[in-house]
Amino acid sequence: MNNHQILEWAPFTIKEGITEQQLLEASKALQTDFLEKQNGFIRRELLVQSDRNFIDTILWESMDAAREVMVKVQESQAFSNYFSLMEEADTSQPEQGVLHYQMYASY
C-alpha cells in the first residue's frame, strides 16, 4: 500500500464571522510555509460546498508521507493558524476528521 498515491480528504466548517479573505490567507500560509516543504507532497486543493463548509484535498506520494506529516503538523504555526479558523478543531489531534484513500484506478 505504501507505493500508491494517497488522497487526503479533510472536510471542515469555518467559525461564524471568519471571512473568505482570512481563510484564503491562512490557507496560502499553510501551503507555502508548511505543506510545500514536506516530502511526498504532490498538490492540494481547497473546495467549497457552501459559505462555511470546505474540504481540503491533498495528494501524497504514499501513505508513509501522509502519516509523517500528521506528526509534523503539531509543530507548525501555519497549521495552528489555519485550524484556529475551524469549528471544533483540535490541533492536538490533527488526524481527527481526516480520511486517506489509496489511489485505486485513474482514467
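This is a predicted model: local features need pLDDT of at least 70, side-chain atom pairs count only at pLDDT 80 or more; totals for chains, interfaces and linings use all residues.

Let's begin with β2 and β3: they run antiparallel and are joined by 7 bridges. A word on terms: helices (H or I, at least four residues) and strands (E, at least two) are DSSP runs, numbered from the N terminus, and two strands pair if DSSP finds at least two bridges between them. One of these bridges has Arg-44 with Ile-58 of β3 as its partner.

Residues are numbered from 1 along each chain as its sequence is written, and side-chain values use heavy atoms, with hydrogens and water left out.

Next, β3 (residues 53-60) also runs antiparallel to β1 (residues 6-13), with 8 bridges joining them. There, Ile-6 has Trp-60 in β3 as its bridge partner.

Now the whole sheet. It is open, with 4 strands in the order β2-β3-β1-β4 and antiparallel pairing. β2 (41-48) and β4 (99-102) are at the edges with a single partner strand each, so one side of each has no neighbour in the sheet. On average, neighbouring strands are turned by 20° against each other, direction ignored. Axes here are lines fitted to C-alpha atoms, for helices over the stretch in contact (heavy atoms within 4.5 Å), and angles run from 0 to 180 degrees between N-to-C directions.

Last, the helices. Helix α1 (residues 20-33) lies across β1, β2 and β3, at about 170° to β2. Helix α2 (residues 63-72) lies across β1, β3 and β4, at about 35° to β1.
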